[in-house]
Amino acid sequence: MKPGVRALGIAESVGPSDERSTLAGVVVRRDRVVEDAAFRSCAVGGTDATDAVCSLLEECVRPDVQYVLVGSVAPAWYNLLDLAHIHQRADRPVIAVTFEESDGLEAGLRDAFSGASLEDRLERYRALPPRRSVSVTDETVYVRHLGCDASDAATVVRAFTPEGGRPEPIRVASALARAGNQYAGRRSRLEE
């Protein structure tokens with residue numbers, strides 16, 4: 001893969017009030033050059049994360065951005081992403097990368113929600129593509145993908161992970177989301 005290949009990485013960090021979570025989107029070239037960044041927020045425990053991600057797509061996806069890498073399918077305490085909708089809006093491969101082995105989210109969803117809220121989340125969760133393990137620099141990550149096959153998804157994740165176990169676009173987006181939360185926390189304390 002050429003050094004100039006670009007990906008939009010999206011990651012989140014829970015906000016200081018625990019009511020909002022900051023989503024950061026960052027365009028990173030394969031050679032680790034950061035070219036663009038944007039921020040959105042979504043409700044902790046809400047259902048608006050997909051809309052926030054799509055808003056980041058509108059701001060950051062350019063013709064030279066070939067992939068979208070998402071650092072979670074359930075940001076902001078089960079604010080589940082609709083990866084099919086994100087893929088449709090992005091019109092390029094979408095790869096969700098998570099970093100821990102798990103038995104899935106259904107038990108946690110059942111503990112946290114009930115009624116229509118639970119059913120909506122279960123439907124969205126069950127619609128996600130299957131999760132596959134991928135070995136990356138002596139670590140294992142877990143990948144869901146749309147718009148490319150499993151081999152291509154693994155190649156993209158490996159190409160954007162020069163060291164450690166996190167693809168660079170997701171790592172940088174996560175750092176920016178944390179910084180955005182720290183700024184939001186200082187700003188809200190000053191306003192009180």
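Student: Which element gives the largest share of the lining of the largest cavity?

Tutor: The model before us is predicted. A cavity is a space where a probe fits but cannot get out. In this model strand 1 gives the largest share of the lining of the largest cavity, namely three residues. The residues that line this cavity are Ile 10, Ala 11, Glu 12, Leu 23, Val 53, Val 70, Gly 71, Ser 72, Pro 75 and Leu 81.

Student: How many cavities of 30 Å³ or more does a search of the whole structure find, and how much space lies in the largest cavity?

Tutor: The search finds one cavity of 30 Å³ or more. The space in the largest cavity is about 40 Å³. Sorted by class, its lining comprises seven nonpolar, two polar and one charged residues.

Student: How is a pocket to be read, and how much space lies in the largest pocket?

Tutor: A pocket, in contrast to a cavity, is an open set of points. Here the largest pocket holds about 600 Å³ of space. Its lining consists of 23 residues, and those nearest the centre are Gly 71, Ser 72, Val 73, Thr 98 and Phe 99. Two or more lining residues come from each of strand 1 (6-14), strand 5 (94-98), strand 7 (139-146) and helix 7 (168-191). Helix 7 makes the largest contribution, with five residues.

Student: Of what classes are the residues in the lining of the largest pocket?

Tutor: There are 10 nonpolar, six polar and seven charged residues in that lining. Gly 71 and Ser 72, which are among the residues nearest the centre of the pocket, also belong to the lining of the largest cavity.

Student: Let us turn to helix 7. Is Glu 168 buried or exposed?

Tutor: Burial is judged by relative accessible area, and the cut-off for a buried residue is under 20%. Glu 168 counts as buried because its relative accessibility is 7%. This residue lies in helix 7. Its contacts, with neighbours within four places in sequence set aside, are Val 28, Arg 32, Phe 160 and Pro 162.

Student: Which residues in the largest nonpolar core touch the most other members?

Tutor: In soluble globular proteins, nonpolar side chains tend to be buried together. In this model the largest nonpolar core has 33 residues, and Leu 83, Ile 86 and Leu 109 touch the most other members. Helix 1 (residues 49-60) supplies the largest share of this core, seven residues. Another core lies apart from it and has 24 residues, including Ala 7, Tyr 67, Leu 69 and Ile 95.

Student: Which residues does Ile 86 touch?

Tutor: When residues up to four places away in sequence are not counted, Ile 86 touches Thr 50, Val 53, Cys 54, Leu 57, Leu 81 and Val 94.

Student: What does the phi angle tell us about Asp 91?

Tutor: Asp 91 is not a glycine, yet its phi is positive, about 55°. Asp 91 occupies the loop between helix 3 (83-90) and strand 5. With a relative accessibility of 64%, Asp 91 counts as exposed.

Student: What is the phi of Thr 137, and where is the place of this residue?

Tutor: Thr 137, a residue other than glycine, has a positive phi near 40°. Its place is in the loop between strand 6 and strand 7. A relative accessible area of 38% makes Thr 137 partly exposed.

Student: Is Val 136 buried or exposed?

Tutor: Val 136 lies in strand 6 (residues 132-136). Because its relative accessibility is 2%, Val 136 counts as buried. Neighbours within four places in sequence aside, Val 136 is in contact with Val 141, Val 157, Arg 158, Thr 161 and Gly 164. Between Val 136 and Phe 113 there are 34 Å in space, C-alpha to C-alpha, and the two are 23 residues apart in sequence.

Student: Finally, how is the chain as a whole to be read, and how many helices and strands has it?

Tutor: One reads the elements, then the overall dimensions. The chain has seven helices and seven strands, in the order β-β-β-α-β-α-α-β-α-α-β-β-α-α along the sequence. A compact globule of 192 residues would have a radius of gyration near 16 Å, and the 16 Å of the chain therefore agrees. Buried residues account for 47% of the 192 residues. Of the contacts between residues at least 6 apart in sequence, 65% join residues at least 24 apart.

Note on methods. Residues numbered from 1 in each chain as written. Predicted model: local features only at pLDDT ≥ 70, side-chain atom pairs only at ≥ 80, totals over all residues. Heavy atoms only, no water. 1 Å grid on protein atoms, 1.4 Å probe; cavity = no way out; pocket = protein on both sides within 12 Å on 5 of 7 lines; lining within 4 Å. Points joined across faces, edges and corners; volume = space filled by probe spheres on them. Helix = DSSP H or I, 4+ residues; strand = E, 2+ residues; numbered from the N terminus. Nonpolar A, V, L, I, M, F, W, Y, C, P; charged D, E, K, R; others polar. Core = buried A, V, L, I, M, F, W, Y, C linked by side-chain atoms within 4.5 Å. Buried < 20%, exposed > 50% of the residue type's maximum accessible area, 1.4 Å probe, protein only. Contact = heavy atoms within 4.5 Å. Rg over C-alpha atoms; globule rule 2.2 N^0.38 Å.
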